[in-house]
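User: I am new to this structure and would like to go through it step by step. Could you show it to me before I ask about its parts?

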Amino acid sequence: MSNSQAMGTPSVPSLIPLLNPLIRRLIGAGLPFGPNVLLTVRGRTSGLPRTFPIALLELGGRRYIQSPFGEVDWVRNLRADPAAVVSRGERREVVLAVEVPPQTAGPLFRDALAPYVRWRIGAAMVGRFFHVDRDATIDDYIVEAQRHPMFELLAAPGAMAPSGS
């Protein structure tokens, strides 16, 4: 059994589905909510637009999103149709989401999470979703990247936005 299987698949805490409608409204109204944006994707079975609050990572001049909860609906939807809309308040951008392979995502996770795992409170917050600490190796981050899909967001001015978004 691999390390990622032994650690199990991350799951969405029960509070998240309850808070998401409120967070969607706040971000949609343009209120600052940290690095969070709204991601609208086409439902893979319904074809209807689905909107999720998600943290936007900016690393080295590039933009990424990753799932702290593993293989969730928005991940499966993006794999089926990589066109999406990123919005905050009135700002909307059509993007193309390209999945980042774990070997590449691992170092990006390290760069994004390393500042937080160095201090106690940050390490506790990161530890809720990711199995890394200040002594984690790059291989540990690659294992986490297998459990937490990451996508790079590329500007796609000619892409079709999910209808209804």
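User: About how many helical turns separate R147 and E144 in helix α6?

Analyst: This is a predicted model, in which local features need pLDDT of at least 70 and side-chain atom pairs count only at pLDDT 80 or more, while totals for chains, interfaces and linings use all residues. Residues are numbered from 1 along each chain as its sequence is written, and side-chain values use heavy atoms, with hydrogens and water left out. R147 lies in helix α6, residues 138-147, where helices (H or I, at least four residues) and strands (E, at least two) are DSSP runs numbered from the N terminus. Because R147 and E144 are three residues apart in α6, their separation is about one helical turn.

User: Is R147 buried or exposed, and at what distance do the closest N and O atoms of its salt bridge with E144 lie?

Analyst: Buried means under 20% relative accessible area, exposed over 50%, and partly exposed in between (1.4 Å probe, protein chains only). R147 has 7% relative accessibility and therefore counts as buried, and E144 is buried too. A salt bridge is a side-chain nitrogen of Lys or Arg within 4 Å of a carboxyl oxygen of Asp or Glu, and for R147, which is buried, the closest N and O atoms in the bridge with E144 are apart by 2.9 Å.

User: What arc do the buried residues of helix α3 cover around the axis?

Analyst: The buried residues of helix α3 (residues 73-80) are W74, V75, N77 and L78. They lie on the same side of α3, because the arc, taken from the directions from the helix axis to the C-beta atoms, is only 165°.

User: Against which strands do these buried residues of α3 pack?

Analyst: The chain has six helices and seven strands. With contact meaning heavy atoms within 4.5 Å, the buried residues of α3 pack against β1 (36-42), β2 (49-55), β4 (62-66), β5 (83-88), β6 (91-100) and β7 (150-155).
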